[in-house]
Amino acid sequence: MKFATKAIHAGQEPDPTTGAIMTPVYQTSTYVQESPGSHKGYAYARGKNPTRNALEKCIAELENAKHGICFSSGMGAIDAVAKLLRPGDEVITGDDLYGGTYRMFTKVYENFGIKFHFIDLTNPENIKKTITANTKLIWIETPTNPMMNIVDIAACSKIAKEHKLLLAVDNTFASPFLQNPINFGADIVMHSVTKYLGGHSDVIMGALCVNDDKLYEQLFFILNSCGANPGPMDCFLVLRGIKTLHIRMERHCFNGKKIAEYLRTHPKIEKVNWPGFTDHPGHAIAKKQMKDFGGMISFSLKGNKLEDAFKIASSMKVFSLAESLGGVESLIGHPASMTHASIPKAEREKAGVVDSLLRLSVGIEDIDDLLEDLKTALS
Ligand SMILES: *Cc1c(COP(=O)(O)O)cnc(C)c1O
């Protein structure tokens, strides 16, 4: 099946008792057994829930993966991957990671004796120099947040396979509509479902997709043992949200392109980061591994003044000043004081997150209103 059909139907059958076309919200904690242990997989809802299972199948199919597992948040999903590691293990990851991932790695898992190397992954050759006998995992994001750098998934996968390492890709920014890392050799695909998959800014959720049966068993064991499972109502909302993922993404891409092009001509703007520009350093790789370039854009201001960025961020009318991304509504954020506040200043600036950097999550409103809003805020 093609993407749009999978988005609407994958994992979902009419309800066997009533024919209800929408998967019911199985709001239950437990399941009645006829005799002890006679259940068919459904014993207790921390382990399995039919509404969640429908969503897991749907997301897995969208990622061309065999298995999907949903978690109570994106961080819950990343936490499950980190729990595959042991003290002494090493992880190689990017130097412009999602702030929450950086915080978890450095403030939680370093305490458990796991070592993280934050390196520039736009050149995957850098990975080779960092690999030791203890390296177990390569964790990448592409496009990155908020600099919109592109990491070559196939090149990372080649190195991972040569050294028998796991490659995990945080695919939140692209969504499965734009990019399927498994097609390029990734072992684990992670989503903050909160963002494009949910799409309506009403749910916090995460997901992992894998092909390998053993890896799935390990991750499912962690979910069931540690308990970061999402509730069935949230799963229902995401199943509903995904039904329009392809249509939403087309509009995010259309609006994103118009806005990136507009910003680039604006005299007050220093630099616009968007992988659709032919002179973006990762453009060729983006073109190879992505279907289109998405609606995430960041830009810095001439003079690089914090006050100027604050003024713009607080004066928008259609764009809302908020953390998060990927919803139908347009958002503006100031990474240095919001999503990246937990990263030391010197470190974030090295990665390009300067004081005047603003990040847009371009929504699916009318493009004329979005452009007008930016024009007024920048005047
Ligand atoms: C939001 C986000 C996360 C964390 O997901 P939550 O659902 O907020 O826990 C991880 N990675 C990226 C790229 C994100 O944007």
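## Domains and their interface

Buried area is the accessible area (1.4 Å probe) that two parts lose on being put together, summed over both. In this predicted model, domain 1 and domain 2 bury about 3400 Å² between them. Of that area, 64% lies on carbon and sulfur atoms. F177, L178 and Y196 supply 23% of what domain 1 buries against domain 2, more than any other three residues.

Domain 1 covers 3-242 and domain 2 covers 245-377. These bounds come from an automatic or database domain assignment. The two domain centres, taken over C-alpha atoms, are 25 Å apart. Domain 1 gives 41 residues to the contact and domain 2 gives 42. Contact means heavy atoms within 4.5 Å.

## Helices α3 and α4

Helix α3 spans residues 74-82, and helix α4 spans residues 99-108. Helices are DSSP runs (H or I, at least four residues), numbered from the N terminus. The two pack at an angle of about 40 degrees, with axes 11 Å apart. Axes are lines fitted to C-alpha atoms over the stretch in contact, and angles run from 0 to 180 degrees between N-to-C directions. That angle makes α3 oblique to α4.

From α3, the contact is made by M75, I78 and D79. From α4, G100, T101, M104 and F105 take part.

## Basis of the model

Residues are numbered from 1 along each chain as its sequence is written, and side-chain values use heavy atoms, without hydrogens and water. Local features need pLDDT of at least 70, side-chain atom pairs count only at pLDDT 80 or more, and totals for chains, interfaces and linings use all residues.

Key: Angles under 35 degrees count as roughly parallel, over 145 as roughly antiparallel, 65 to 115 as roughly perpendicular and the rest as oblique.
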